[in-house]
Amino acid sequence: MMKPSPTVRIVTAAGVVVLLIWSLGPIYWTLASAMTPSADFSARPIHFFPQNFTFDHFLRLLGINVERIGGVLVWQQFRAALFNSVVTSLAATMVCIAISALGGYAFARLDFPGKRVVFLVVVATLAIPGYAVLIPLYRIMIGLNLIDTYLGITLIYVSAYLPLTLWLMRSVFDSLPVALEEAAQLDGAGRLRIFFSIVLPLVGPGLTAAAILTFLGAWGQYLVPLVFSPSATKPLTVLIPEFVTKNFIDYGLITASGTIAITVPALVVIFLNRYLVTGLLAGSVK
Amino acid sequence: MTAAVATRDDTGGRTALRGDAVLGGLMVAPIVVTMIALVIVPLGQTLWDSLHRINPMQPGTPFIGAANYARMFTDADAGRAWTNTLLYVAIAVTVETVMGILAAAVINQVQIGRRWLLAAVILPWALPGVVNSVIWLWIYQPGAGLLNGILTAAGLPFENHVWFNDRTSAILAVAVVHVWRMLPLTVVIVLAAMQSIPGDLYEAARIDGAKRPQMFFAITLPLIRSAVAVAVTNSTVAAFNIFDEPWVLAGASLDTRPILVQIYLETFQNLRFSYGMALSLVLTAASLLVSLVFVLRLYRTTRFE
């Protein structure tokens with residue numbers, strides 16, 4: 001290995017500082033603002049660290065000591081939206097992972113007619129952006145009475161992330177040695193038993209990567225729920241911009257709700273970033 | 001894609017059973033049903049409907065040929081939206097590629113805590129686009145925002161400056177938020193390519209007396225070309241599909257409106273369903289075409305070297 005010269009070290013250190021400020025600065029500012037009293041917001045010169053701490057914005061958001069804000073039951077809406085975000089993202093992730101694990105294994109190991117064509121067509125839909133099918137989907141969902149239902153929105157998320165997770169899972173199964181399965185087969189184990197008791201336990205990391213990508217994707221969706229989840233199943237991403245009204249913007253509520261919406265993906269990135277990077281790479285080099 | 005698809009085919013040959021066909025069919029059935037019902041049929045419907053006039057406010061759905069497509073050429077708002085979109089694409093792709101390569105080069109030099117640095121850099125990508133947008137909405141806020149606060153503290157006349165009153169600064173403000181979200185993807189892709197370059201190459205170059213910048217241009221850049229092509233393609237498609245950032249930051253404003261917001265407004269406000277479909281098909285085709293050009297050009301330059 002090369003010994004880095006002092007110049008290289010200084011340039012690298014400066015680069016790291018710039019990267020950290022660029023990436024984390026806006027997030028820090030959101031957290032700091034969420035804990036700053038509204039009265040301090042327009043203080044000039046600006047304070048980079050809050051001068052007074054408060055949990056008032058979070059208390060208002062959660063409806064503690066306050067029932068209504070501007071005549072609206074904000075906390076009921078917020079609680080429902082948080083619940084909806086969790087339910088739809090988790091449901092989409094579980095369904096997506098389950099059927100792409102089964103399908104990925106079949107595409108990797110089993111022989112059946114039309115295998116290549118079907119795989120190619122499914123993966124090719126990666127190139128089709130969601131909005132190209134949005135309007136017909138809207139009419140289908142109206143026809144099936146699935147607008148503003150968990151089932152409807154989950155199905156749409158599944159169809160959106162399935163090609164990516166299928167691609168990931170098939171390449172994971174492909175990279176496993178066949179010998180293990182052949183040995184099990186000689187011992188008389190059936191295909192399904194081999195799949196569930198031998199293969200599946202080996203692909204934990206691949207499953208995790210696919211699950212993370214699906215979960216983060218579904219958690220961050222905006223245009224799709226804006227159309228398909230207008231009220232009863234409205235997620236956080238649709239609720240938060242509604243705090244931005246024409247005449248008055250409550251930045252305390254926005255930063256507090258933003259902080260909560262950030263927490264879940266931040267935990268995923270902090271604790272699962274190894275799997276995330278693998279998934280991102282496999283997913284982007286299509 | 002095709003190379004990977006063509007790999008494993010007769011590996012199961014010896015062990016394949018007759019039951020494989022039935023089991024395989026059953027295992028992929030959920031995927032096939034979902035994709036046909038929710039992607040392929042709707043896509044066909046989009047193609048077909050874009051040749052008709054479909055508007056819930058007007059009776060009937062007559063066949064009108066390419067009229068929806070012809071309409072785009074005389075639609076001033078759509079033209080403006082296309083211009084804005086292309087501006088976003090140009091800014092985002094340039095900045096993300098240059099900054100992404102630099103950032104990856106920096107991270108590649110870091111020995112201690114690289115994983116944590118990478119996690120910090122990835123974070124903006126993992127957040128919902130809407131949340132990113134409200135974070136920056138607050139930063140850009142004229143009276144109490146961070147940006148004007150910093151500029152004012154530096155002695156510049158930016159007290160209560162409104163960033164969205166002027167088209168140039170509005171477009172730039174939206175583009176910054178988009179770059180903030182999408183840069184991490186470029187970094188991850190390019191960094192992986194840098195890490196796969198064998199250290200011997202740099203060692204040999206050092207013995208030959210090469211300086212760091214020379215090594216970067218002679219070794220690193222040529223070897224990360226195909227990764228850069230992948231990253232550029234991702235950046236292009238993401239910038240063509242920009243929606244959350246301009247919508248949350250500036251709503252329907254024509255100054256910042258990209259084509260996807262135009263499609264949303266045409267469809268769900270003006271209820272011109274089939275015109276919206278025609279626009280979305282053109283957008284899909286445009287983003288695919290542009291990324292194809294990037295991939296081909298970058299691959300070709302690599303091959304001729």
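The structure is a predicted model, in which local features need pLDDT of at least 70, side-chain atom pairs count only at pLDDT 80 or more, and totals for chains, interfaces and linings use all residues. Residues are numbered from 1 along each chain as its sequence is written, while chains are lettered from A and ligands numbered from 1 in the order in which they are written.

**Stop 1: the domains of chain A**

Select residues 6-54 of chain A for domain 1, then 78-250 + 267-284 for domain 2; these bounds come from an automatic or database domain assignment. The C-alpha centres of domain 1 and domain 2 of chain A are 35 Å apart.

**Stop 2: helices 3 and 9 of chain A**

Select helix 3 (residues 74-109) and helix 9 (residues 204-220) of chain A, whose axes come within 9 Å and cross at roughly 145 degrees. Helices here are DSSP runs (H or I, at least four residues), numbered from the N terminus. Axes are lines fitted to C-alpha atoms over the stretch in contact, with angles from 0 to 180 degrees between N-to-C directions. Residues in contact have C-beta atoms, placed from the backbone, within 7 Å. Among those that meet are A:Ser85, A:Ala92 and A:Cys96 in helix 3 of chain A, and A:Leu207, A:Thr214 and A:Trp219 in helix 9 of chain A. By class, this contact of helix 3 with helix 9 of chain A has ten nonpolar, six polar and no charged residues. Ala, Val, Leu, Ile, Met, Phe, Trp, Tyr, Cys and Pro count as nonpolar, Asp, Glu, Lys and Arg as charged, and the others, Gly among them, as polar.

**Stop 3: the side of chain A that touches chain B**

Display both chains: the contact takes 90 residues from chain A and 84 residues from chain B. On the side of chain A, helix 12 (residues 251-284) gives the most, with 17 residues. The residues of that side of chain A divide into 66 nonpolar, 16 polar and eight charged.

**Stop 4: helix 5 of chain A against helix 2 of chain B**

Select helix 2 (residues 19-49) of chain B; helix 5 of chain A packs against this helix at about 110 degrees, with axes 8 Å apart. The two helices are therefore roughly perpendicular, a term for angles of 65 to 115 degrees.

Finally, just after helix 5 of chain A, select A:Asn145, which takes a positive phi of about 60 degrees.

How values were computed:
Parallel < 35°, antiparallel > 145°, perpendicular 65-115°, else oblique. Contact = placed C-beta atoms within 7 Å.
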